[in-house]
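Student: I have a new model open on my screen and would like to learn how to read it. Could you walk me through a few features?

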Amino acid sequence: MTKEKKKNIRRRWVKTTAILFGGLFLGLVGVDILFRSLPVAECSEEKSGKAEIKCPFLAFAKPSIENRSAFVNDVEKFGMDRTMAQFVALQVGWQQKGLWSILRGEAPDIYSLESVHGVSHCDLYSSYLPELEQEARSLEVNGQITLQDLVQMKKWVAQQLQVEVVESSQIETALLFVKAGGDLETQKVYTEDVFTLLKGQRPGRDALINADLLRKARELSNWD
């Protein structure tokens with residue numbers, strides 16, 4: 001092969017690589033713009049003056065926020081599928097802080113979950129824990145409530161706060177059911193485990209969270 005042919009091949013390789021990286025960069029910028037354009041829920045709530053973790057799972061896991069890798073390792077250790085843990089870290093971190101934080105490998109801020117574009121929601125179960133636990137105890141049979149009971153409770157919370165139940169609220173309901181050891185065959189879960197988790201503690205019948213289980217729980221939930 002002549003020197004000229006080698007030079008041409010090298011030029012084409014450099015040009016192709018530049019086009020690919022340029023396209024990737026533009027794609028990332030586009031996603032960043034999309035994420036930052038999503039709304040952030042504006043919830044009227046009293047500030048307690050102390051840092052709080054709004055997600056029940058993260059509240060008991062308390063993963064490291066030193067960097068994204070440490071965060072993912074800790075979340076996996078406390079029962080979330082690693083692929084899902086990585087997705088959560090990327091999605092939440094990116095929507096909180098933007099593309100640059102992702103490129104730097106930063107962990108999401110678990111103390112500012114109310115500022116996640118397109119994900120944060122106001123109708124948290126924790127807003128009405130005493131009322132919800134009393135209602136759950138009146139509904140339980142042999143110490144268990146149903147997935148649909150959790151759906152109705154979520155809808156009740158949304159009514160009290162005069163907000164709509166958005167997709168992220170539905171995902172929270174599915175995650176609560178699955179993580180508290182809910183049985184997708186019977187669609188039942190122990191009341192004690194649900195409220196142990198909602199209080200930021202590890203439930204006795206702890207279970208793995210993965211995308212497939214969350215999908216099944218959502219499919220079984222009736223939000224009409």
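**Reading the fold**

Tutor: Happy to! In the protein chain, 69% of the contacts with a separation of 6 or more are between residues 24 or more positions apart. Keep in mind that this is a predicted model.

Student: Which secondary structure elements does the protein chain have, and in what pattern do they follow one another?

Tutor: The secondary structure comes to 10 helices and 2 strands. Along the sequence, the pattern reads α-α-α-α-α-α-β-α-α-β-α-α.

Student: How much of the protein chain is buried?

Tutor: Of its 224 residues, 39% are buried. The largest nonpolar core has 44 residues, and those with the most contacts inside this core are Phe57, Leu58, Phe71, Leu150 and Val194. Elements that give two or more residues to the core include α2 (56-61), α3 (68-77), α7 (147-161) and α9 (191-198).

Student: Let me zoom in on Leu58. What is Leu58 in contact with, leaving aside neighbours within four places in sequence?

Tutor: Leu58 is in contact with Ile53, Pro63, Phe71, Val75, Ile110 and Leu113. Phe71 is also among the core residues with the most contacts.

Student: Next, helix packing. How are two packed helices described?

Tutor: By the angle between their axes and the distance between the axes. Here, α6 and α7 pack at an angle of about 150°, and their axes are 11 Å apart. The contact involves Glu131, Leu132, Ala136 and Leu139 of α6, together with Asp149, Met153, Trp156 and Val157 of α7. Sorted by class, this contact has 6 nonpolar, no polar and 2 charged residues. As for handedness, α6 passes α7 in a right-handed crossing.

Student: Now for the loop between α9 and α10, where I see Lys199. Why is Lys199 classed as partly exposed?

Tutor: Because its relative accessible area is 45%, and partly exposed covers the range between the buried cut-off of under 20% and the exposed one of over 50%. Not counting residues up to four places away in sequence, Lys199 touches Leu129 and Glu133. The side chains of Lys199 and Glu133 are joined by a polar contact of 3.2 Å.

Methods. Residues are numbered from 1 along each chain as its sequence is written. This is a predicted model: local features need pLDDT of at least 70, side-chain atom pairs count only at pLDDT 80 or more; totals for chains, interfaces and linings use all residues. Side-chain values use heavy atoms; hydrogens and water are left out. A nonpolar core is a set of buried Ala, Val, Leu, Ile, Met, Phe, Trp, Tyr and Cys residues joined through side-chain atoms within 4.5 Å. Buried means under 20% relative accessible area, exposed over 50%, partly exposed in between (1.4 Å probe, protein chains only). Helices (H or I, at least four residues) and strands (E, at least two) are DSSP runs, numbered from the N terminus. Contact means heavy atoms within 4.5 Å. Axes are lines fitted to C-alpha atoms, for helices over the stretch in contact, and angles run from 0 to 180 degrees between N-to-C directions. A crossing is left-handed if the near helix is turned anticlockwise from the far one by less than a right angle, and right-handed if clockwise. Ala, Val, Leu, Ile, Met, Phe, Trp, Tyr, Cys and Pro count as nonpolar, Asp, Glu, Lys and Arg as charged, and the others, Gly among them, as polar. A polar contact is a pair of N or O atoms within 3.5 Å; within protein, one must be able to donate a hydrogen and the other to accept it, and residues adjacent in sequence count only if both atoms are side-chain atoms.
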